[in-house]
Amino acid sequence: MEELLRRELGCGSVRATGHTGGGCISQGRSYDTDRGRVFVKVNPKAEARRMFEGEMASLTAILKTNTVRVPKPIKVLDAPGGGSVLVMEHVDMRHLSSHAAKLGAQLADLHLENKKRGETLLKEAGTVGGRSARVGGQEERPFVDQFGFDVVTCCGYLPQVNDWQEDWVVFYARQRIQPQMDMVEKESGDREALQLWSALQLKIPDLFRDLQIIPALLHGDLWGGNVAEDSSGPVIFDPASFYGHSEYELAIAGMFGGFSSSFYSAYHGKIPKAPGFEKRLQLYQLFHYLNHWNHFGSGYRGSSLNIMRNLVK
């Protein structure tokens, strides 16, 4: 690995440190180089390059908003012996505690950034030469008026369908839940799950009545294991980004703990709950329970079916 990093990063010296990390999907290790310390994520699977390229694009997109800190991505490389590696900035992180409220506020800023860019463009449309939005001093970028992302991103190791759609309800049903249900059907042919999904599809539009949804850049997998802090503030990592409904972000955040009331207070201080929020949150949690079912097995079947039963009542 040291030789690969020396060659690909153009470093004179590379030395492994004692810092290691990882989760269910990939393993990681830090290396000291003459250009600074880097963190290297490694995955041996053949599809790892697609997963890491999606993560690199996600980190880059969040970085450009200048709202919430993420590790700066550097490069995706083929790993020695197969699979791929993602090289990024090393950040000395600890468990999120004192900066939870700041994370809530910064996450809301991330979700509002595209909306503010659109508002800036509208204002500038009436001025001579007004063409593009410069939000928070950042580089000029266009307003995103559809739901999706330019590249495939993976939630866990399963790829997400990010083809651009104008309608959020269509995007979520067809490109988030349906692919998960297709995997359930292929793996187990679970009739009850398929019948509940058929009934739920008819109910989904009612959950979004009179709701205007402006595409928001999402982290996409924001549970307690993907957030931390350092002395300067919060850090988020391992994203699976796309432009979607901001409420979607809070689904997995509420499933596995890790977020205090100060986080939610700060977030909703900037983005208040809209009518019907709690039911839509269940609908968004359905994706994550199905995704866990397809990753880790039928231990998540009961939670998936319970949500569908509740929503079709």
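I began with Lys45, whose charged end sits over the ring of Tyr157, 5.1 Å from the ring centre. I count a charge as over a ring if NZ of Lys or CZ of Arg is within 6 Å of the ring centre and within 35 degrees of the ring normal. Arg176 also turned up, over the face of Phe242 at 4.2 Å from the ring centre.

A note on what I am working with: this is a predicted model, where local features need pLDDT of at least 70, side-chain atom pairs count only at pLDDT 80 or more, and totals for chains, interfaces and linings use all residues. Residues are numbered from 1 along each chain as its sequence is written, and side-chain values use heavy atoms, with hydrogens and water left out.

**Aromatic pairs**

How many aromatic pairs does a search of the whole structure find? I got 16. Phe147 and Trp168 make a tilted pair, because their ring centres are 5.4 Å apart and their planes stand at 55°. The pair links distant parts of the chain, with Phe147 in the loop between helix H3 (100-124) and strand E6 (153-155) and Trp168 in helix H4, 21 residues apart. Phe147 counts as buried at 3% relative accessibility, and Trp168 is buried with a relative accessible area of 3%.

Next I looked at Tyr248 and Tyr284, an edge-to-face pair with 5.7 Å centre to centre and 65° between the planes. This pair links distant parts of the chain too: Tyr248 is in the loop between strand E11 (242-244) and helix H6 (249-253), Tyr284 is in helix H8, and 36 residues separate them. Tyr248 and Tyr284 are both buried.

My cut-offs: rings of Phe, Tyr and Trp (its six-membered ring) pair if their centres lie within 6.5 Å, with planes under 30 degrees apart called stacked, over 60 edge-to-face and the rest tilted. Buried means under 20% relative accessible area, exposed over 50%, and partly exposed in between (1.4 Å probe, protein chains only). Helices (H or I, at least four residues) and strands (E, at least two) are DSSP runs, numbered from the N terminus.

I then followed the ring pairs into a cluster, which takes in Phe147, Trp168, Phe171, Tyr172, Phe208, Phe242, Tyr248, Tyr284 and Phe287.

**The cavity**

I found 1 cavity of 30 Å³ or more, and the largest cavity has a volume of about 50 Å³. On a 1 Å grid over the protein atoms alone, a cavity is a set of points where a 1.4 Å probe fits but cannot get out, and lining residues have an atom within 4 Å of a point. Grid points are joined across faces, edges and corners, and the volume is the space filled by probe spheres set on the points.

Which residues line the largest cavity? They are Pro159, Gln160, Val161, Gln175, Arg176, Pro179, Gln180, Met183 and Phe287. The largest share of this lining, 5 residues, comes from H4.

**Two loop residues**

Gly276 lies in the loop between helix H7 (261-270) and helix H8 (277-296), and counts as partly exposed at 42% relative accessibility.

I placed Phe237 in the loop between strand E10 (233-236) and E11. Phe237 counts as buried at 15% relative accessibility. Leaving out residues up to four places away in sequence, Phe237 touches Pro71, Met93, His219, Gly225, Asn226, Val227 and Ala228 (contact means heavy atoms within 4.5 Å).

Note on methods. On a 1 Å grid over the protein atoms alone, a cavity is a set of points where a 1.4 Å probe fits but cannot get out, and a pocket is an open set with protein on both sides within 12 Å along at least five of seven lines; lining residues have an atom within 4 Å of a point.
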